[in-house]
Amino acid sequence: SGADIKANIQSMISEEIPGLVPSYLASDRPEEYDLEGLANEVGTIMPLPPGLSASALSQMSRGEIEERLLEHASSLYEERERELGEENMRMLERLVMLRTIDRLWMDHLTAMENMRQGIGLAAVGHRDPLVAYKQEGHAMFQSLLSSIAHDMAHTIFRVGIVKEGAPAPSPMAEAARRKEAVAAGKKVGRNDPCPCGSGKKYKKCCGR
(Lines give C-alpha, C1' and ligand atoms only; values in the text may rest on other atoms or scores of the structure.)
Protein backbone atom coordinates (compact mmCIF):
# COMPACT_ATOMS: atom_id res chain seq x y z
CA SER A 1 0.00 0.00 0.00
CA GLY A 2 0.97 3.66 -0.24
CA ALA A 3 1.60 3.88 3.51
CA ASP A 4 3.91 0.85 3.33
CA ILE A 5 5.95 2.38 0.50
CA LYS A 6 6.32 5.62 2.45
CA ALA A 7 7.44 3.72 5.55
CA ASN A 8 9.92 1.67 3.50
CA ILE A 9 11.45 4.75 1.88
CA GLN A 10 11.73 6.58 5.20
CA SER A 11 13.40 3.48 6.65
CA MET A 12 15.91 3.49 3.77
CA ILE A 13 16.72 7.15 4.44
CA SER A 14 17.05 6.47 8.18
CA GLU A 15 19.61 3.76 7.44
CA GLU A 16 21.47 5.58 4.68
CA ILE A 17 22.27 8.77 6.60
CA PRO A 18 23.75 7.14 9.75
CA GLY A 19 25.68 4.83 7.43
CA LEU A 20 27.57 7.85 6.09
CA VAL A 21 28.65 9.16 9.47
CA PRO A 22 31.44 6.65 10.35
CA SER A 23 33.33 7.45 7.14
CA TYR A 24 33.64 11.13 8.06
CA LEU A 25 33.69 10.95 11.86
CA ALA A 26 36.08 8.01 12.17
CA SER A 27 38.52 9.69 14.53
CA ASP A 28 38.15 9.64 18.32
CA ARG A 29 39.10 13.32 18.27
CA PRO A 30 36.25 15.65 17.20
CA GLU A 31 38.71 18.20 15.83
CA GLU A 32 39.70 15.63 13.20
CA TYR A 33 36.14 15.04 11.97
CA ASP A 34 35.61 15.71 8.26
CA LEU A 35 32.43 17.70 8.79
CA GLU A 36 32.73 19.48 5.45
CA GLY A 37 32.85 16.14 3.68
CA LEU A 38 29.90 14.83 5.70
CA ALA A 39 27.79 17.91 4.94
CA ASN A 40 28.60 17.64 1.24
CA GLU A 41 27.76 13.92 1.18
CA VAL A 42 24.46 14.34 3.02
CA GLY A 43 23.77 17.25 0.68
CA THR A 44 23.63 14.77 -2.20
CA ILE A 45 20.62 13.21 -0.45
CA MET A 46 18.77 16.32 0.67
CA PRO A 47 19.33 20.08 0.90
CA LEU A 48 20.73 21.17 4.25
CA PRO A 49 19.74 24.38 6.04
CA PRO A 50 22.36 26.75 7.54
CA GLY A 51 21.68 25.16 10.93
CA LEU A 52 23.23 21.93 9.64
CA SER A 53 26.26 23.38 7.87
CA ALA A 54 29.72 22.04 8.63
CA SER A 55 30.38 24.88 11.08
CA ALA A 56 27.06 24.23 12.84
CA LEU A 57 27.79 20.49 13.05
CA SER A 58 31.14 21.23 14.68
CA GLN A 59 29.24 22.39 17.78
CA MET A 60 27.50 19.00 18.17
CA SER A 61 28.51 15.59 19.42
CA ARG A 62 28.52 12.62 17.06
CA GLY A 63 25.20 11.40 18.44
CA GLU A 64 23.64 14.85 18.10
CA ILE A 65 24.80 15.09 14.49
CA GLU A 66 23.06 11.84 13.56
CA GLU A 67 19.93 12.83 15.45
CA ARG A 68 19.69 16.28 13.88
CA LEU A 69 20.26 14.95 10.36
CA LEU A 70 17.55 12.31 10.79
CA GLU A 71 15.14 14.86 12.26
CA HIS A 72 15.74 17.14 9.29
CA ALA A 73 15.19 14.27 6.82
CA SER A 74 11.88 13.38 8.47
CA SER A 75 10.74 17.01 8.60
CA LEU A 76 11.74 17.62 4.98
CA TYR A 77 9.87 14.51 3.84
CA GLU A 78 6.66 15.65 5.51
CA GLU A 79 7.14 19.14 4.07
CA ARG A 80 7.40 17.70 0.56
CA GLU A 81 4.22 15.72 1.12
CA ARG A 82 2.37 18.86 2.20
CA GLU A 83 3.61 20.73 -0.88
CA LEU A 84 2.76 17.98 -3.37
CA GLY A 85 -0.33 16.65 -1.63
CA GLU A 86 -0.68 13.16 -0.19
CA GLU A 87 -1.97 11.58 -3.40
CA ASN A 88 0.80 13.04 -5.56
CA MET A 89 3.45 12.06 -3.02
CA ARG A 90 2.26 8.44 -3.01
CA MET A 91 2.35 8.43 -6.82
CA LEU A 92 5.87 9.90 -6.82
CA GLU A 93 7.05 7.29 -4.32
CA ARG A 94 5.67 4.44 -6.44
CA LEU A 95 7.23 5.78 -9.64
CA VAL A 96 10.67 6.30 -8.11
CA MET A 97 10.57 2.91 -6.37
CA LEU A 98 9.49 1.02 -9.50
CA ARG A 99 12.06 2.69 -11.75
CA THR A 100 14.86 2.13 -9.23
CA ILE A 101 14.02 -1.54 -8.69
CA ASP A 102 13.51 -2.18 -12.40
CA ARG A 103 16.91 -0.72 -13.32
CA LEU A 104 18.86 -2.41 -10.53
CA TRP A 105 17.02 -5.73 -10.87
CA MET A 106 18.07 -6.04 -14.50
CA ASP A 107 21.68 -5.38 -13.50
CA HIS A 108 21.32 -7.99 -10.75
CA LEU A 109 19.99 -10.64 -13.14
CA THR A 110 22.88 -10.01 -15.52
CA ALA A 111 25.40 -10.32 -12.68
CA MET A 112 23.75 -13.53 -11.45
CA GLU A 113 23.91 -15.07 -14.92
CA ASN A 114 27.59 -14.16 -15.24
CA MET A 115 28.25 -15.65 -11.82
CA ARG A 116 26.36 -18.83 -12.69
CA GLN A 117 28.42 -19.32 -15.84
CA GLY A 118 31.66 -18.84 -13.94
CA ILE A 119 30.78 -20.81 -10.81
CA GLY A 120 32.45 -23.92 -12.21
CA LEU A 121 35.76 -22.32 -11.32
CA ALA A 122 34.88 -22.87 -7.67
CA ALA A 123 35.49 -26.58 -8.14
CA VAL A 124 39.10 -25.78 -8.95
CA GLY A 125 39.43 -24.25 -5.51
CA HIS A 126 37.88 -27.38 -3.96
CA ARG A 127 34.59 -25.63 -3.14
CA ASP A 128 31.19 -27.16 -3.73
CA PRO A 129 29.82 -25.19 -6.75
CA LEU A 130 26.26 -25.32 -5.38
CA VAL A 131 27.33 -23.97 -1.98
CA ALA A 132 29.45 -21.30 -3.66
CA TYR A 133 26.50 -20.29 -5.87
CA LYS A 134 24.17 -19.96 -2.87
CA GLN A 135 26.69 -17.97 -0.84
CA GLU A 136 27.60 -15.58 -3.64
CA GLY A 137 23.96 -15.28 -4.71
CA HIS A 138 22.97 -14.28 -1.18
CA ALA A 139 25.77 -11.71 -1.00
CA MET A 140 24.74 -10.26 -4.36
CA PHE A 141 21.10 -10.03 -3.27
CA GLN A 142 22.10 -8.16 -0.12
CA SER A 143 24.14 -5.83 -2.31
CA LEU A 144 21.05 -5.30 -4.48
CA LEU A 145 18.98 -4.29 -1.45
CA SER A 146 21.70 -1.88 -0.34
CA SER A 147 21.84 -0.34 -3.82
CA ILE A 148 18.06 0.12 -3.87
CA ALA A 149 18.15 1.86 -0.47
CA HIS A 150 21.08 4.04 -1.55
CA ASP A 151 19.48 5.12 -4.83
CA MET A 152 16.07 5.73 -3.26
CA ALA A 153 17.58 7.91 -0.53
CA HIS A 154 19.56 9.89 -3.11
CA THR A 155 16.58 10.34 -5.44
CA ILE A 156 13.35 10.91 -3.51
CA PHE A 157 14.25 14.45 -2.36
CA ARG A 158 15.51 15.43 -5.82
CA VAL A 159 12.55 14.61 -8.05
CA GLY A 160 9.14 16.16 -8.49
CA ILE A 161 5.99 16.05 -10.56
CA VAL A 162 5.79 18.24 -13.65
CA LYS A 163 2.32 19.03 -14.90
CA GLU A 164 1.91 19.12 -18.67
CA GLY A 165 0.85 22.44 -20.16
CA ALA A 166 -2.29 22.96 -22.19
CA PRO A 167 -2.04 21.36 -25.66
CA ALA A 168 -1.34 23.66 -28.59
CA PRO A 169 -4.47 24.52 -30.60
CA SER A 170 -4.95 22.64 -33.86
CA PRO A 171 -4.54 24.54 -37.18
CA MET A 172 -8.32 24.42 -37.71
CA ALA A 173 -9.00 25.80 -34.24
CA GLU A 174 -6.44 28.56 -34.78
CA ALA A 175 -8.03 29.51 -38.12
CA ALA A 176 -11.46 29.65 -36.49
CA ARG A 177 -10.08 31.86 -33.74
CA ARG A 178 -8.62 34.26 -36.29
CA LYS A 179 -11.91 34.49 -38.18
CA GLU A 180 -13.75 35.24 -34.95
CA ALA A 181 -11.23 37.96 -34.13
CA VAL A 182 -11.64 39.51 -37.57
CA ALA A 183 -15.43 39.34 -37.38
CA ALA A 184 -15.37 41.15 -34.06
CA GLY A 185 -13.35 44.07 -35.49
CA LYS A 186 -14.12 46.75 -38.06
CA LYS A 187 -15.27 45.86 -41.57
CA VAL A 188 -12.40 44.86 -43.85
CA GLY A 189 -12.37 45.19 -47.63
CA ARG A 190 -11.82 41.98 -49.59
CA ASN A 191 -8.63 43.34 -51.13
CA ASP A 192 -7.32 44.82 -47.87
CA PRO A 193 -4.51 43.09 -45.93
CA CYS A 194 -5.97 40.50 -43.59
CA PRO A 195 -5.98 41.83 -40.01
CA CYS A 196 -4.90 38.43 -38.68
CA GLY A 197 -1.33 39.31 -39.63
CA SER A 198 -0.77 36.59 -42.23
CA GLY A 199 0.31 39.11 -44.89
CA LYS A 200 -2.31 37.83 -47.34
CA LYS A 201 -5.28 39.71 -48.74
CA TYR A 202 -8.42 39.34 -46.67
CA LYS A 203 -10.30 37.55 -49.50
CA LYS A 204 -7.54 34.90 -49.73
CA CYS A 205 -7.25 34.39 -45.96
CA CYS A 206 -9.89 34.81 -43.26
CA GLY A 207 -12.40 36.26 -45.74
CA ARG A 208 -12.80 32.99 -47.62
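Buried means under 20% relative accessible area, exposed means over 50%, and partly exposed lies in between (1.4 Å probe, protein chains only). The views below come from a predicted model, in which local features need pLDDT of at least 70 and side-chain atom pairs count only at pLDDT 80 or more, while totals for chains, interfaces and linings use all residues. Residues are numbered from 1 along each chain as its sequence is written, and side-chain values use heavy atoms, with hydrogens and water left out.

View 1. Helices (H or I, at least four residues) and strands (E, at least two) are DSSP runs, numbered from the N terminus. Of the 208 residues in the chain, 31% are buried.

**View 2. Helix α5 (residues 86-118) packs against helix α6 (residues 129-153).** Two packed helices are described by the angle between their axes and the distance between the axes. Here the angle is about 155° and the axes are 10 Å apart (axes are lines fitted to C-alpha atoms, for helices over the stretch in contact, and angles run from 0 to 180 degrees between N-to-C directions). That makes α5 roughly antiparallel to α6 (the word for angles over 145; under 35 is roughly parallel, 65 to 115 roughly perpendicular and the rest oblique). Contact means heavy atoms within 4.5 Å. Among the residues that make this contact are Leu 104 and Trp 105 of α5, and Met 140 and Phe 141 of α6.

**View 3. Look for His 108 in helix α5.** Is His 108 buried or exposed? With a relative accessible area of 10%, His 108 is buried. Leaving aside neighbours within four places in sequence, His 108 is in contact with Met 140, Phe 141 and Leu 144.

**View 4. Leu 145 sits in helix α6.** Leu 145 counts as partly exposed because its relative accessibility is 40%. From C-alpha to C-alpha, Leu 145 and Leu 104 are 9.3 Å apart in space, and they are 41 residues apart in sequence.

**View 5. Tyr 77 and Phe 157 form an edge-to-face pair.** Rings of Phe, Tyr and Trp (its six-membered ring) pair if their centres lie within 6.5 Å; planes under 30 degrees apart count as stacked, over 60 as edge-to-face and the rest as tilted. By this rule there is one aromatic pair. The ring centres of Tyr 77 and Phe 157 are 5.9 Å apart and the planes meet at 85°, so the pair is edge-to-face.
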